[in-house]
Amino acid sequence: RRTEAARPAPFRRTGRRTERHALRSPQKLCGHAMTSLAEWHAAVNNGEWERITVRVGLQTFPLRTIQQVELERWSSPPFVWDRNWLVLGHDGSPHAFIGRDGSINVLTLASSALVKEAQRERDVSRLIELGAETRERAIALLEVYGSRQAAANALCAAADTSIPSEVRKWVEQLRSGGERQKEAAARALWIFTVTNSNTVWIRRAGGIPPLVALARDGTDGQQVHAAWALANLAINADNQVAIARAGGIAPLVALARGGTDGQKEQAAGALAELAAGSLNDDNKVAIARAGGIAPLVALARGGTDGQKEQAAGALAELAAGSLNDDNKVAIARAGGIAPLV
């Protein structure tokens, strides 16, 4: 347990020979109105992967991890990507991945508003199933708690009398207390995870979403205590799932990339726990899609001793398993092999 510029025209593969060609207009290629280059950069840089899909024939699929990594390479300095694979439209935005057989796997960027509205409708329906009873009450719960997971936790916690009163009090302070109260509550919950093996009480009381919120938007003290608590909570398999569903991976990746030394170490440790286990492939993929590989490689290469240890553990978990070949390739492309040798 833890205690503390102009780009060249795209390419098409044709057997062993690679030849330069011009794509058809983006509108014809994609079958929909052209999305601006700025919108593509914003979506990729913000990690809005749920908006980007790949169409192969009549079927649509989410991005694979290695495709997401390639889009990040396209969108971020030094702007080096595989031009034989990821091809651009006339405006410079990504429009397709080209298969080895020359097939065109078309990229689509959905409207952010449409994605959010569809997600809201799914959230309302799920809360009704969980006991909100009416659409009006489900909408009110979403407005009060900010996410479906937090609202669902509140519904469940209200009906659970086995949760210790102090855990309920700390979770409520996380939600509605002042800044000092929130930090104190995060610290108390972290200590609780160190001294008490029954960390599921924190999840059942709805404590994971507000801890994730502090890790994302809190003060330095709030963030480090939230990261500590999340790292210990993530030892439990059900908690791992809950943290990912509450959106906990992206803020932990952000702390590993740009936090204080303590935040980086604890965030790397939390990511290692979230990726641990043979049944955790979804979290491994999610961490890579959130851009987690590059900061972990940076910590393994140039961090403190504690950061190196936690980052190396996280990278090992991300690469583990026969279903994580994309992560292995992404770690190698990020320069992750040398610091681990």
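# A guided tour of the sheet and its helices

Begin by selecting β5 and strand β6 (residues 94-98): three bridges join these two strands, which run antiparallel. The model on the screen is a predicted one.

**The whole sheet**

Strands of a sheet pair through backbone hydrogen bonds, either parallel or antiparallel. Now widen the selection to the open sheet of five strands, whose order is β4-β3-β7-β6-β5 and whose pairing is antiparallel. Which strands stand at the edges? They are β4 (59-62) and β5 (86-88); each has a single partner strand, so one side of each is left without a neighbour in the sheet. On average, and with direction ignored, neighbouring strands of this sheet are turned by 35° against each other.

**The hairpin of β3 and β4**

Next, select β3 and β4, which run antiparallel and are joined by four bridges. V56 stands opposite Q59 in β4. The two strands form a hairpin with two residues between them. In the turn, select G57, which has a positive phi of about 65°.

**Where α2 meets α3**

Two packed helices are described by the angle between their axes and the distance between the axes. Select helix α2 (residues 37-45) together with α3: they pack at an angle of about 125°, and their axes are 10 Å apart. Helices α2 and α3 are therefore oblique to each other. Their crossing is left-handed. To view the contact, display L37, W40, H41, V44 and N45 of α2 with L71, E72, W74 and S75 of α3. By class, this contact of α2 with α3 has five nonpolar, three polar and one charged residues.

**Where α3 meets α15**

From α3, the contact is made by T65, Q68 and E72; from α15, by V285, A288 and R289. The residues of this contact divide into two nonpolar, two polar and two charged.

**The loop between α3 and β5**

Move to P77 and P78, which are joined by a cis peptide bond with omega of about 5°. P78 has its place in the loop between α3 and β5. F79 is in the loop between α3 and β5 as well. The phi of F79 is near 55°, a positive value in a residue other than glycine. Is F79 buried, partly exposed or exposed? It is partly exposed, with a relative accessible area of 33%.

**Helix α13 and what covers it**

Select helix α13 (residues 249-258) and display I249, P251, L252, V253, L255 and A256, which are buried. What covers the buried residues of α13? The covering elements include α10 (208-217), α11 (220-233), α12 (237-245), α14 (261-275), α15 (281-289) and α16 (293-302).

Q240 is buried, with a relative accessible area of 7%. Leaving out residues up to four places away in sequence, Q240 touches A234, I235, E273, L274, A276, N280 and N283. Select L271 as well: Q240 and L271 are 31 residues apart along the chain, and their C-alpha atoms are separated by 9.8 Å.

**Where α14 meets α17**

For the last stop, select α14 and helix α17 (residues 305-319), which pack at an angle of about 25° with their axes 8 Å apart. Helices α14 and α17 are therefore roughly parallel to each other, and their crossing is left-handed. On the α14 side, display D261, K264, E265, A268, G269, L271, A272 and A275. These meet G306, Q307, Q310, A311, G313, A314, E317 and L318 in α17. The residues of the contact of α14 with α17 divide into seven nonpolar, five polar and four charged.

How values were computed: Residues numbered from 1 in each chain as written. Predicted model: local features only at pLDDT ≥ 70, side-chain atom pairs only at ≥ 80, totals over all residues. Heavy atoms only, no water. Buried < 20%, exposed > 50% of the residue type's maximum accessible area, 1.4 Å probe, protein only. Contact = heavy atoms within 4.5 Å. Axes fitted to C-alpha atoms, helices over the stretch in contact; angles between N-to-C directions. Parallel < 35°, antiparallel > 145°, perpendicular 65-115°, else oblique. Left-handed = near helix turned anticlockwise from the far one by under 90°. Nonpolar A, V, L, I, M, F, W, Y, C, P; charged D, E, K, R; others polar. Pairing = 2+ DSSP bridges.
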